[in-house]
Amino acid sequence: TDHFAAPMDPPPPPTTSAPVDAVLQPTSATLDPTARPVRGFDWSAASAGRPVDYPALLDSYATTGFQATNFAAAVEQVRAMLAWRPDAAAVESGDVAEGARCTVFLGFTS
């Protein structure tokens, strides 16, 4: 008797790919009017040997992609905290010292 199984034909390829179908969806004709276009940072200046404009690089995160957009929101928040100054009413009431500034502590996870 033969102790080896007969070779089997490979299964046919699937007619659709579930992961591809889940990701590649048709473009909606009705985009959110407040949505920003995704475009990222223009590296052509740095490629031409000019120094990188770091403020512009940080600003470009707002239009780079999902994670970068959230990073850009954090950058905007930090900028707002650094620009904060107490209002006159808070100084007059003694709640805040005149010339007080915001101290920013940064943390992150990997």
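Here is the part I would like to look at closely. Which side chains meet in the salt bridge, and where do they lie?

Author: Happy to, and let's start with how to read the model. This is a predicted model, where local features need pLDDT of at least 70 and side-chain atom pairs count only at pLDDT 80 or more, while totals for chains, interfaces and linings use all residues. Residues are numbered from 1 along each chain as its sequence is written, and side-chain values use heavy atoms, with hydrogens and water left out.

The protein has five helices and zero strands, giving the pattern α-α-α-α-α when you read along the sequence. Helices (H or I, at least four residues) and strands (E, at least two) are DSSP runs, numbered from the N terminus. Of its 110 residues, 10% count as buried. Buried means under 20% relative accessible area, exposed means over 50%, and partly exposed is in between (1.4 Å probe, protein chains only).

On to your pair. The structure holds one salt bridge, and the partners are the side chains of Asp 59 and Arg 79, at 2.5 Å from N to O. Asp 59 sits in helix α3 (residues 54-60) and Arg 79 in helix α4 (residues 66-83), so the pair ties together parts that are 20 residues apart in sequence. To count as a salt bridge, a side-chain nitrogen of Lys or Arg has to be within 4 Å of a carboxyl oxygen of Asp or Glu. In general, side chains of opposite charge can pair when their charged atoms come close. Are the two partners buried or partly exposed? Asp 59 is partly exposed, with 44% relative accessibility, and Arg 79 is partly exposed too, at 36%.

Ser 60 is buried, at 8% relative accessibility. A polar atom of the Ser 60 side chain lies 2.6 Å from the backbone oxygen of Leu 57. Leaving aside neighbours within four places in sequence, Ser 60 is in contact (heavy atoms within 4.5 Å) with Gly 40 and Phe 41.

Step into the loop between α3 and α4 and you find Thr 63. Thr 63 counts as buried, at 8% relative accessibility. Not counting residues up to four places away in sequence, Thr 63 touches Arg 36, Pro 37, Val 38, Arg 39 and Gly 40.

Conventions. Polar contact = N/O pair within 3.5 Å; in protein donor to acceptor, adjacent residues only side chain to side chain.
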